[in-house]
Amino acid sequence: MNPVALAVDDLREQYLREMALVRQTYERTGDGTAAIRRRSAVVDRILIEMWRRAFATQPSQNISLLAMGGYGRKDLFPYSDIDVLFAFADEKVEAQSKEAVRAIIQGMWDIGLRASPSSRTLKEAGRFDPDNLEFTLATLDRRFLAGQFPLYQQLHQTILPGLVLSEWNAITQKLGEIARARHAKFGNTIFHLEPNLKECPGGLRDYHLALWFALLFHLKETKEWPKHRGGVFQSARGDAEAAFDFLAAARCFLHFRHGRDDNTLDWQSQDEAAAHSIGLETRGTADPAYWMRTYYRHARIIYRRAASLMESIPAPVSFYRQFRRRRTPIAGTDFVLDHGRIDVVAGAQFNDTSAILRIFSLMSTHGYTLSQAAEDCITDSLPALVIHIPEGPYLWNALREVLLGPHAAHALRTMHALGVLEMLIPEFHGIDALVIRDSYHRYTVDEHTFLTIDNVHGLRQPAHDYEQRLAQLLPEIDRLDLFLLSLLLHDTGKARRTGEHTSQSVELADSFLARLDFDVEERESVLKLIRLHLEMSNALRRDIFDQENVRAFADKVGNPMLLKMLTLMTYADIKAVSPDALTPWKAESLWQLYMATANFMDRSVDEVRYHAAIDPTLLNRIRAMIPASEFEALKHFLEGLPQRYLQTRLPEHIRNHFLLAQNLDQDPVQLELRPLRQLFDLTVIVRDRRGLFADVAGALAAWGMNIVKAGAFSNEAGVVVDSFQFSDVFRTLELNPSEKDRFLANLHDVVAQRVEVDQLLAARSHMNHNGNAKVEVPTRLKFDSESSSHSTLLQVVAQDGPGLLRQIALTLSAHHCNIKVALIDTEGETAIDVFYITSHHVKLTAAAQAALATDLTDALEALRTSAGA
């Protein structure tokens with residue numbers, strides 16, 4: 001066939017004009033589903049006309065043009081690729097049509113359509129390539145566009161059904177593998193701060209995954225394609241379709257906003273989508289947290305539907321398994337157990353909750369899942385079940401069985417998704433998909449709650465050293481059921497969004513406990529744990545080795561059993577905030593605070609060891625590592641160092657610090673750098689001077705290091721042992737081992753005051769640029785002269801960023817404040833730093849606090865302004 005050139009200028013103008021109308025209609029109505037259908041129709045008309053022009057001189061024989069994939073589904077988003085298939089009767093026809101096909105593809109690009117073409121003969125289309133599953137899936141979503149319809153019918157009615165049925169197991173198993181790998185890439189969770197609307201679990205890819213599985217199961221059962229493709233996945237309540245409509249509106253918004261196929265719902269996009277109420281039934285402006293709450297609800301529906309259908313894939317049948325009984329009736333219910341999945345018998349109806357609660361107890365104990373039919377049956381029965389809601393001991397016994405099972409979180413999630421949990425505990429409804437919108441909290445409040453319960457049960461199989469220690473407390477909890485109930489209710493007060501949520505949670509929990517007929521002791525145990533559930537986290541932001549801090553915390557807790565529960569609750573609570581919230585050093589601090597408080601309560605021998613002026617055992621261990629002639633010098637070095645220093649260092653480290661201090665006469669700056677898990681631990685030993693802490697912090701910031709913890713110690717001789725734990729954000733020391741010596745030499749010169757820190761910061765300012773903050777954190781200062789007998793506590797809450805700690809330390813130095821202890825913590829983009837300070841060896845007066853507050857606020861505001869410039 002001779003080369004074919006298509007004139008498409010008029011088609012390009014037609015396409016641009018019609019797409020402008022599509023966008024205008026979308027922006028006016030917000031209907032994303034209608035927009036993608038309209039674009040599909042627009043492209044249909046363009047391609048059919050191009051086909052007519054390409055084959056104008058020679059009618060197309062034995063060749064067809066098919067829409068595939070999203071285009072085949074008529075789900076053509078504004079900037080999505082156009083998947084098409086050129087189907088040929090044989091190789092001869094393919095060769096004869098080569099130039100016309102090439103002209104059509106080139107014309108698509110000239111018009112502005114991102115063509116994604118495929119070509120197959122009928123013989124090739126009937127082969128399954130396990131390495132190209134995408135093509136097979138695309139054929140499931142095919143439509144006839146142009147050419148020979150009989151050829152399409154042969155493909156549609158014979159070839160493709162035969163291929164899918166013959167390779168059904170291979171296709172479904174491969175599809176499941178790919179989906180599980182994608183889910184694992186995103187952490188097997190729908191909860192992401194900036195989700196990808198297409199690829200994330202619960203996104204459009206999962207919606208299509210559910211469609212594909214439903215279609216494959218239908219084809220296997222009936223041996224024919226469904227009359228109406230959408231019918232295989234229509235839900236009785238329309239929730240899956242509503243979820244698709246929301247995601248379609250949101251994805252159209254992203255495409256139009258960015259002018260490309262960009263599906264990431266970043267922070268700013270969330271703000272704009274909420275401002276335009278994208279996907280919502282009401283127009284106007286919505287709160288971004290509310291808008292994301294709607295997103296998570298829809299994503300949860302799709303994710304559960306896709307996961308349920310994926311779990312229906314038959315596992316490869318072993319020789320033994322084929323003789324096992326497939327469906328085992330569950331006594332006293334209309335449910336059956338089928339290879340780890342709970343299904344429902346045909347025609348089952350429920351009018352009481354006993355059978356339902358029995359099922360969730362089994363799920364909690366054994367980890368069973370529900371079939372889609374069972375889930376739909378339970379949800380459809382809720383109007384009848386709500387009339388017979390159990391209360392009192394019966395409700396508590398049923399709920400208790402669920403809470404105590406090792407798979408309690410899984411069972412509770414299912415109860416929540418089906419509406420059963422809210423039916424039993426209406427107080428829980430307020431935190432359904434509730435978003436705490438900052439860069440620290442990864443999960444919605446309901447999912448956070450389930451994760452706390454999961455974290456506690458996970459201690460039965462500890463994965464880390466700190467978990468092994470915490471796991472020792474679990475068997476000592478005499479009422480684990482009450483403890484788990486406290487976890488279930490501890491954040492329900494966040495739904496009210498007014499006031500401090502712990503008191504609101506206590507109020508809501510109290511109303512629920514009244515319905516359980518708890519006695520006074522049980523009730524108070526749960527309520528007190530909820531009331532105090534933030535106290536240990538607050539205590540961790542103070543010096544955990546300060547006796548007054550420990551005493552105040554112990555007074556609030558009151559008894560050792562509550563302390564154990566509060567320790568486990570704090571561990572589970574922090575870990576459930578985000579995957580990175582519980583760092584090893586934070587877990588270590590939690591354990592140390594538990595031990596210090598337990599010792600304070602018990603008045604044990606350990607308390608004497610920790611609080612003695614000098615530990616003879618420790619001293620003797622260090623003495624064995626040094627010459628006898630150095631023993632008196634060692635005692636002199638340790639004299640006056642706080643106990644927190646001795647308790648957080650191994651004897652070998654203390655020995656090394658002592659030996660470094662002995663060299664101060666030869667070199668007034670002694671440094672030690674060692675790896676500490678995923679961090680680095682820097683120790684600076686020098687004779688005290690003003691601005692020392694600020695200079696070291698500034699030098700670390702100049703090198704791009706992120707300080708996560710710091711401590712300032714000094715002995716009676718005026719020797720300072722400052723400690724900084726930091727992460728190497730740019731992996732400078734890891735990727736360039738030779739830089740370690742230059743790094744230490746640079747620090748040495750800064751501490752020795754041979755190099756100005758400002759000079760370093762200016763030279764490396766390009767490294768430390770963070771860009772725009774996602775969340776604006778207002779600066780808050782709080783002074784406390786009561787919690788410590790020797791120091792004034794200063795808590796600084798501010799926007800985290802390079803140079804923050806140095807600026808704080810510089811301002812403190814300018815006010816002649818001596819830093820006794822510095823506790824550095826970061827939650828997302830929020831820095832929460834606590835300093836124990838004195839001025840001229842005494843606490844700060846009220847006037848000194850006021851002056852410091854003014855200057856520090858001004859300094860941090862100037863730092864924020866310069867960072868944003």
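Predicted model: local features only at pLDDT ≥ 70, side-chain atom pairs only at ≥ 80, totals over all residues.
## How two helices cross

In which hand does α11 pass α13? The crossing is left-handed.

Helix α11 covers residues 239-258, and helix α13 covers residues 288-311. Their axes lie 9 Å apart. The angle between the helices is about 125°.

## Who makes the contact

Look at the α11 side. Here D239, A240, A242, A243, F244, F246, L247 and A250 take part. From α13 come W291, T294, Y295, H298, I301, I302 and R305.

What kinds of residue meet here? The contact of α11 with α13 holds 11 nonpolar residues, 2 polar ones and 2 charged ones.

Now turn to helix α7, residues 133-140, and helix α9, residues 168-185. Their axes come within 11 Å and cross at roughly 110°. The range from 65 to 115 degrees counts as roughly perpendicular, so α7 is roughly perpendicular to α9.

On the α7 side, the contact uses L133, T136 and L137. They meet I171, K174, L175 and I178 of α9. By type, the contact of α7 with α9 has 5 nonpolar residues, 1 polar and 1 charged.

## The nonpolar cores

In soluble globular proteins, nonpolar side chains tend to be buried together. In this model, the largest nonpolar core has 95 residues. Which of them touch the most other members? They are F335, F360, F483 and L485. Helix α26, residues 560-575, gives the most to this core, with 9 residues.

Take F335 and leave out its neighbours within four places in sequence. F335 is then in contact with P329, I330, I342, D343, V344, F350, I356, I359, A374 and I378. A second, separate core has 75 residues. Among its members are M108, A250, A433 and V435.

L399 sits in helix α16, residues 392-404. Is L399 buried or exposed? Its relative accessibility is 3%, so L399 counts as buried. Beyond four places in sequence, L399 touches I425, L485 and F512. L485 was named above, among the residues that touch the most other members of the largest core. Now look from L399 to D858, 459 residues apart along the chain. Their C-alpha atoms are separated by 54 Å.

Q849 belongs to helix α38, residues 846-868. Its relative accessibility is 16%. Buried means under 20%, so Q849 counts as buried. With residues up to four places away in sequence set aside, Q849 touches F783, S785, T792 and L844.

## A partly exposed residue

D749 lies in helix α35, residues 739-751. How much relative accessible area does D749 have? The value is 24%, so D749 is partly exposed.

Which residues does D749 touch, not counting those up to four places away in sequence? They are R754 and V755. What separates D749 from A694? The two are 55 residues apart along the chain, and their C-alpha atoms are separated by 14 Å.

Notes: Residues numbered from 1 in each chain as written. Heavy atoms only, no water. Axes fitted to C-alpha atoms, helices over the stretch in contact; angles between N-to-C directions. Helix = DSSP H or I, 4+ residues; strand = E, 2+ residues; numbered from the N terminus. Left-handed = near helix turned anticlockwise from the far one by under 90°. Contact = heavy atoms within 4.5 Å. Nonpolar A, V, L, I, M, F, W, Y, C, P; charged D, E, K, R; others polar. Parallel < 35°, antiparallel > 145°, perpendicular 65-115°, else oblique. Core = buried A, V, L, I, M, F, W, Y, C linked by side-chain atoms within 4.5 Å. Buried < 20%, exposed > 50% of the residue type's maximum accessible area, 1.4 Å probe, protein only.
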